[in-house]
Amino acid sequence: MTLLVVGGTRGIGREIAKKYADAGDSVVITGRHLGHAEEVAKEIGGDIRGIDLELSRPEAIAEALRDVDGVDGLVIAAIERDANTAKDYDLAAAQHLVTMKLVGYTEVIHTLLPRMSDEAAIVLFGGLAKERPYPGSTTVSTVNGGVSGLVHTLATELAPMRVNAIHPGIVGDSPFWSDKAAATEAVKARTPLGRNVAMDDIVDAVDFLLRNRSVNGIDLNVDGGWLLL
């Protein structure tokens, strides 16, 4: 298997890349900072290489991916958060996030399509802010809802290629959340399982979406039941 993980240099994306590299698969990871993806690839080891790619500059994506071929699995795990409200609207931040997560995601797929077989699978990362917004999530909630729309249309357009989305809950041991005990404990208290989602849980769910040949066009929430309460 040849797997491309966009946003594979840290956090969940890195753990996904490591799982497949450790299993002997061929893996390509991307990072936004010059040379960083190559450094991470060396740290992970195995048949893995790193390239520089910035989703918020969609006009440069085709060139960044010029040497990536024969892709069996594509995971776009790169995410970014902003705090934006309609009252105090940061236009530049909103444009950056929308471009990155909707236009950038789509341009990656557009670029790679001629190099992907009908058996290939795509997994996009959204987020539960689409269903549980919070003050300041105006743009985040909107783009995560857009990921759902993107999955549904692509699953139809690209058939029989499979396209799914994963929407994680608060991932307690991820780099972003690991030092935010008050927030993670509050979510844990309102989750039926009585624990936070872990990075291993997300990696396992992504693996399921990549492997299972009958799962297509779905939004998979991995939240321990948080949205039930």
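# Reading a predicted model, step by step

Colleague: Let me start with one residue. Does Thr191 count as buried or exposed?

Modeller: Thr191 counts as buried because its relative accessibility is 6%, and the cut-off for buried is under 20%. Please keep in mind that this is a predicted model. Thr191 sits in the loop between α6 (181-189) and α7 (199-211). Beyond its neighbours within four places in sequence, it is in contact with Asp223, Gly224, Trp226 and Leu229.

Colleague: Now a strand residue. Where is Ile29 found, and which residues is it in contact with, leaving aside its neighbours within four places in sequence?

Modeller: Look in strand β2, residues 26-31, to find Ile29. Its relative accessibility is 0%, so it counts as buried. Its contacts beyond those neighbours include Val5, Thr9, Ala17, Val40 and Ile51. Take Ala17: it is twelve residues from Ile29 along the chain, and the two C-alpha atoms are 7.1 Å apart. Ala17 is also one of the buried residues of helix α1.

Colleague: Let's stay with α1, then. How do I check the length of a helix?

Modeller: Compare its expected span with the distance between its ends. At 1.5 Å a residue, the twelve residues of α1 (11-22) should span 16 Å, and the end C-alpha atoms are 16 Å apart, so the two agree. After α1 comes Gly24, which has a positive phi near 95°.

Colleague: What is the general idea about which way helix residues point?

Modeller: An α-helix has 3.6 residues a turn, so residues three or four places apart point the same way. In α1, Lys18 and Asp22 are four residues apart, about one turn of the helix. They form a salt bridge whose closest N and O atoms are 2.7 Å apart. Lys18 counts as partly exposed because its relative accessibility is 34%.

Colleague: How many salt bridges does a search of the whole structure find?

Modeller: The search finds 13. In one of them, the side chains of Arg14 and Glu43 meet at 3.1 Å, N to O. Arg14 belongs to α1 and Glu43 to helix α2 (residues 36-44), so this pair ties together parts 29 residues apart in sequence. Another salt bridge joins Arg213 and Glu119, with 3.6 Å between the closest N and O atoms. That pair links distant parts of the chain, 94 residues apart: Arg213 is in the loop between α7 and β7, and Glu119 is in strand β5. There is also a network of salt bridges linking Arg32, Glu54 and Glu80.

Colleague: Which strands are joined to β5 by bridges?

Modeller: Strand β4 (residues 71-76) runs parallel to β5, and five bridges join them. Within that pairing, Val75 stands opposite Val123. Strand β6 (residues 162-168) is parallel to β5 as well, again with five bridges, and there Ile122 has Val163 as its bridge partner. Together, β4, helix α4 (residues 91-112) and β5 form a right-handed β-α-β unit. Strand β5 is mostly covered, with seven of its ten residues buried.

Colleague: One more helix, please. What covers the buried residues of α5?

Modeller: The cover includes α4, β5, β6 and β7 (219-222). Among the buried residues are Val140, Ser141, Val147 and Leu154. Ser141 has a relative accessible area of 15%, which means that it is buried. A polar atom of its side chain lies 2.7 Å from the backbone oxygen of Ala129. Not counting residues up to four places away in sequence, Ser141 touches Ala129, Lys130 and Pro133.

Terms used
Residues are numbered from 1 along each chain as its sequence is written. This is a predicted model: local features need pLDDT of at least 70, side-chain atom pairs count only at pLDDT 80 or more; totals for chains, interfaces and linings use all residues. Side-chain values use heavy atoms; hydrogens and water are left out. Helices (H or I, at least four residues) and strands (E, at least two) are DSSP runs, numbered from the N terminus. Buried means under 20% relative accessible area, exposed over 50%, partly exposed in between (1.4 Å probe, protein chains only). Contact means heavy atoms within 4.5 Å. A polar contact is a pair of N or O atoms within 3.5 Å; within protein, one must be able to donate a hydrogen and the other to accept it, and residues adjacent in sequence count only if both atoms are side-chain atoms. Two strands pair if DSSP finds at least two bridges between them. A crossover is right-handed if, with the strands pointing away from the viewer, the path from the first strand over the helix to the second runs clockwise. The expected span of a helix is 1.5 Å times one less than its number of residues. A salt bridge is a side-chain nitrogen of Lys or Arg within 4 Å of a carboxyl oxygen of Asp or Glu.
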